[in-house]
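Thanks for coming. I will go through one model this morning, beginning with the ligand site and ending with the backbone.

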Amino acid sequence: MTLLERARRRGAHLAHARVEAVEVRDSRVSAVQLNAGRVVTGGFVNAAGPFLRQVGRMVGVDLPVFSERHLKVAFEDHLGIIPRDAPLLICADPQTISWTDDERAVLADDPEAQPLLGILPAGAHCRPEGGTGSAWVIALWAYDTAPVEEIFPLPSAPYFFDVTLRGLTRIIPALEAYIYRPPCPTIDGGYYTKTRENRPLIGPTGPRGSFVMGAFSGYGIMAACGAADILAAHISGEALPAWAAAFHPARYEDPAYCAMIDAWSDTAQL
Ligand SMILES: Cc1cc2nc3c(=O)[nH]c(=O)nc-3n(C[C@H](O)[C@H](O)[C@H](O)COP(=O)(O)OP(=O)(O)OC[C@H]3O[C@@H](n4cnc5c(N)ncnc54)[C@H](O)[C@@H]3O)c2cc1C
């Protein structure tokens, strides 16, 4: 809100509307078509998060991004298993879940659930949520990071709480008490929209006056202010810091750069 209020004091206007098309004349942005009108402008920033690629097509570019679904679950730890002053707790080891024979049979029957029978990656984590008097815990485990289509509302995830809970029992065995008597969970989440090497896209792309700022994967809140600084420098023509080149969309047009990241075996999750 502070940033929005400061922007408004400098003349910014916030319109709640859907961008439906971007008009280009003489290779330069000339207007943006909204579901609630038309804005004549020479500048357009695509910051559409999971819809970055879709909006990119409106200016004729195919942005090199894809999305992973990342869920989180909140539940009431009514047995008080996780101390309220516990830090973020992360299981750093890959693991196989100890399903019963009956459970294995059910999962084996469901093609989407079959991977849950194999080795799942490191990273199940949780932390207490809420102030004094709260019993809530938030837990996450990105055990399935295959690229997916961006769909809202998110498709249901019937195994997510159970799998995450079981994954956490590796580091917090007392959570086993909830496996067959689970508290009612609240599941939500979103998409990590990202590039292959997991660096964002910030800078000009497509026709003159068109910019992109996105592919912030799982670190967009942390990166927002620094990213906005270099986007503003791109738009205003101010000097860019040396590191801005690492995020310039044009890096994907450089075959040497693409060959270099092809050779990276692990681009790390953030
Ligand atoms: C489960 C989960 C946990 C996370 N935890 C963290 C964390 O702890 N720390 C952190 O830094 N990051 C975290 N992230 C990542 C962070 O949420 C994202 O990186 C960040 O929200 C990306 O910001 P954005 O502005 O690019 O996109 P978004 O926040 O998705 O905003 C995009 C906006 O564009 C709008 N839009 C899309 N299409 C159109 C259109 N055609 N017209 C008009 N508007 C449009 C959307 O409605 C939306 O408001 C997490 C993400 C998930 C899913």
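A polar backbone atom of glycine 218 sits 3.1 Å from a nitrogen atom of the ligand. I call that a polar contact, meaning a pair of N or O atoms within 3.5 Å; within protein, one must be able to donate a hydrogen and the other to accept it, and residues adjacent in sequence count only if both atoms are side-chain atoms. Serine 217 places a backbone N or O atom 2.9 Å from an oxygen atom of the ligand. For valine 19, a polar backbone atom is 2.8 Å from a ligand nitrogen atom. The ligand taken alone exposes 1,000 Å², and the protein buries 62% of that; accessible areas come from the Shrake-Rupley method with a 1.4 Å probe, and for residues only the protein chains shown count as cover.

Before going on, the ground rules. This is a predicted model, where local features need pLDDT of at least 70 and side-chain atom pairs count only at pLDDT 80 or more, while totals for chains, interfaces and linings use all residues. Residues are numbered from 1 along each chain as its sequence is written, and side-chain values use heavy atoms, with hydrogens and water left out.

How many residues surround the ligand? There are 20, and the closest are Val19, Ser217, Gly220, Ile221 and Met222; a residue counts as near if one of its heavy atoms lies within 4 Å. By class, 13 are nonpolar, six polar and one charged. Here Ala, Val, Leu, Ile, Met, Phe, Trp, Tyr, Cys and Pro are nonpolar, Asp, Glu, Lys and Arg charged, and the others, Gly among them, polar.

Domain 1 (2-65 + 196-262) and domain 2 (66-194) each give at least three residues to the shell, with bounds from an automatic or database domain assignment. Their centres, taken over C-alpha atoms, are 33 Å apart. The contact between them takes 11 residues from domain 1 and eight from domain 2, contact being heavy atoms within 4.5 Å.

Finally, the backbone. Most residues other than glycine have a negative phi, and most peptide bonds are trans. Aspartate 26 is not a glycine, yet has a positive phi of about 50°. Aspartate 26 is in the loop between strand E1 (19-25) and strand E2 (28-34); helices (H or I, at least four residues) and strands (E, at least two) are DSSP runs, numbered from the N terminus. The peptide bond from phenylalanine 152 to proline 153 is cis, with omega near -10°.
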